[in-house]
Amino acid sequence: MREKSKLEENIKGIRALENELNDALTLIELGEAENDVTTAAEGEAMLRALQIAASRRELQTLLSGEADGNDAYIEVNSGAGGTEAQDWAEMLQRMYLRWGEKHGYKVTLLDQVEGDGAGIKSATLEFVGPDAYGWLKTEAGVHRLVRVSPFDSNARRHTSFAAVLVSPVIEDDIEVVVEDKDLRVDTYRAQGAGGQHVNKTDSAVRITHMPTGVVVACQQERSQIQNRAKAMKMLRARLYELELKKREENLASYQNEKTEIGWGRQIRSYVLQPYQMVKDLRTQVETSDTAGVLDGDLDQFMEAALAQRVGEKNISQG
C-alpha cells in the first residue's frame, strides 16, 4: 500500500506538470495573439517555475534503490584529532539536524556519547520521512575539517576528521535473522538530561553483533527493555544495509568507510581557514558558502552524488 500510494502520488505530480505546461503555453499564445505583454509574461513566469518543479521531479526518480523510500539512521563518530574531532562531530550532528528540519523530517536523537571536555564522541540520529535513506545514504564516509582551532591558544590551523554511517530503517515484514549467540549486550547509565530514573539506573543498552562487528546503542527510552528493543531494530537495519551493499557489489567500499577515520578516506572537505570552501571529493561540487552548508544546505552535494551513483550503475549494467 505504501508503494502504491507513492506511485499514485508520482503519477498525479506528473499529470499536474503537464496541465500547468498546457496552461502556460496557452497564456503565451493568447498574449502573442492579442499583443498582451502582461499575459505573455505571466505564461513565461509559469514556464520558469515549471522548469524548477520538473527538475525536482527528475531528481526524485533517481531514488530507485530498494530501501531509498525508507526512514534512515545516521551515526556520526569522531576520528583523528582529539577534542577538535569531537567538536567537529558535534558540528556535523547539528548540520544533519538542520538539514532534516529544513526538509520536514522528524529527527530523533537515539544515542549520544559526550566528548572529553567538548563535542561528542558519537551520536545516532533517526530521520523519519519520505525518501530519507535515499538522500542521506550519499553522506556516508569521512568528513574532513580544516580551521583555526578555538581550543588552541596559539590560534593554529588544525585538521579534524569524523565518519558518518547511514542505514535504512527497515520494515517489520523484512526478515533479518539475528541469533542470540551472536550478540554481546552491555548496559550502562545514560548520559545527559533524562530525569532521575535515567541517571540512576543502567537503562542504556549497547549491542555488538560479533560476526560482523556492528555496534549499536540506544539510551533514548526510560527503560532498559525499551532501549534494547530500539537497539535491536537499529541492529537489524545495519545488517540489512550490509546486505544491500553486497547486492550492489559495494561491500568493499563500505568496509573502507569503517577503517581508520583519517587522511585519504574523506569524501568531503570543509575548509574554514585560510579560505572558505566546501568541496565534495567524489563529484567535485564545491561552494564558498561554508556557513550555509554547516547550517544544513546539503542538497547540491546529495543531488550530485546521487546522480553519479545512478550513472555508474547504468554504465556497469550496460
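I started with W99 and Y105, and I found both buried, meaning under 20% relative accessible area with a 1.4 Å probe and protein chains only. I note that this is a predicted model, where local features need pLDDT of at least 70, side-chain atom pairs count only at pLDDT 80 or more, and totals for chains, interfaces and linings use all residues. Residues are numbered from 1 along each chain as its sequence is written, and side-chain values use heavy atoms, without hydrogens and water.

I looked up the aromatic pairs and found three; rings of Phe, Tyr and Trp (its six-membered ring) pair if their centres lie within 6.5 Å, with planes under 30 degrees apart counted as stacked, over 60 as edge-to-face and the rest as tilted. W88 and Y270 have ring centres 4.9 Å apart and planes at 65°, so I logged the pair as edge-to-face. W88 lies in helix α3 (residues 83-102) and Y270 in strand β9 (residues 266-271), so this pair ties together parts 182 residues apart in sequence. Helices (H or I, at least four residues) and strands (E, at least two) are DSSP runs, numbered from the N terminus.

W88 and Y270 are both buried. W99 and Y105 are stacked, at 5.3 Å centre to centre and 20° between the planes. Ring pairs link W99, Y105 and F127 into a cluster.

I then checked the backbone. Most residues other than glycine have a negative phi, and most peptide bonds are trans. The bond from Q273 to P274 is cis, with omega near 5°, and I placed P274 in the loop between β9 and β10 (277-280).

How values were computed: Buried < 20%, exposed > 50% of the residue type's maximum accessible area, 1.4 Å probe, protein only.
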